[in-house]
Amino acid sequence: MKNNIIVFHLDDAKDFRGGTRQCFYLAKELNEIGIENYIVLRKNSPLHLNAAKNNITAITIPYLFDWDIISAIMLVYKIKKINKNSKQIIIHSHTAHAASIAVLASFFINAKIVIHRRVDFKIKNNFLSRFKYRKADQIIAVSQAIKKQLIDEGFQDSNINLIYSSIDKDIFLNLKNIKRRVSSNKIRIGSLIALTPHKDPFNLIKAAKICLEKNKNLEFLVGGKGQLKKECENLIKKLKIEENFKLLGYVEDNIGFLKSIDIFVLPSKEEGLGSVLIEAMACGLPIVATNAGGIPELITHNENGLIVPKENPQLMAEAILKIAGDSSLIKKFSLKSMELSQNYTTKSMAKKTLEVYEKAIKNT
């Protein structure tokens, strides 16, 4: 099959967060096994720079807006120019907006459409939002929670494929010791989240206040940027925890950050899967996370971490304090996290994705 298909990954991201990282991992893995594939991205985006460093061929389009016909026509032109051998075209969109471009392009070129669904938000109840998912030949959901939601919304079970996110094992095999960011006498509680409503950074800030009232020997570090930055800063100041709670902004070296902390926390109130959890697990971190979306599919309560109800700072604080105060629990969760992380490899993700491409072609 690999000699007969050509894949175009569409990702309009302006940053290099979890979903975009997964797109990059997939393209890199497909490259290594000889699949001709390209990433269609924004010029000079972080994804563009990472693709160039790893010899992944990139195509740029402007991604002006949702249902951008200009970008779609540019994409069709570039695909026709590249596909000299008339291979079967797969257009694989990795974001909701990119899916609109994929569907528009399919009106002008013979291509199979695969849409990746990484969030557990309900699809907007309007014709265009639902149409693009109806138009897809296959849909990939990154968690059982997302797959169930899509089925509940009326999409066909047989067209929805579960493929979990992954980690690039080479990153962890080649890691050297990372210098700690904070003093060694502190217990470091860290999170890598966008400062957006569905990631619920306020939940973690409020939990930190409760924790610090009982244990001053904690340091909270949050990497990420977003629309709630100012409100987060104001809440941290209001709660008078500035000395122990730091907003670091966007963290480029996410693995280095994870290696520098002791406990990882994911405070989301909505979460498709949380691919950063897999990276945290691979770094041997005990985890405190909410029960939002697909999170419980990665974190088993009292095995590799603790699961707490979403939007409940009190119970989140209790879970953090429980782990921070028990070295044997830290060791237990750490070992189990590393063990479980081995189930989520880029090789496995690429193999299952190829099966979805084949399924899309056969279902013509």
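Which residue of β4 is the bridge partner of His9? Select His9 and look across to β4, where His92 is the bridge partner. The model is a predicted one, in which local features need pLDDT of at least 70 and side-chain atom pairs count only at pLDDT 80 or more, while totals for chains, interfaces and linings use all residues. Residues are numbered from 1 along each chain as its sequence is written, and side-chain values use heavy atoms, with hydrogens and water left out.

Next, select strand β4, residues 88-93, bearing in mind that strands are DSSP runs of E with at least two residues and helices are runs of H or I with at least four, numbered from the N terminus. Five of its six residues are buried (under 20% relative accessible area, with a 1.4 Å probe and protein chains only), so β4 is largely enclosed by the rest of the structure. On one pairing, strand β1 (residues 5-10) runs parallel to β4 over six bridges, where pairing requires that DSSP finds at least two bridges between the strands. Strand β5 (residues 111-117) is also parallel to β4 and is joined to it by five bridges, with Ala111 of β5 as the bridge partner of Ile89.

Now move to helix α3, residues 69-82, and pick out Ile69. This residue is partly exposed, at 35% relative accessible area, a class that lies between the buried limit and the exposed one of over 50%.

Finally, select the cysteines Cys23, buried at 0% relative accessibility, and Cys283, buried at 9%. A search of the whole structure for disulfides (pairs of cysteine sulfur atoms within 2.5 Å) finds zero.
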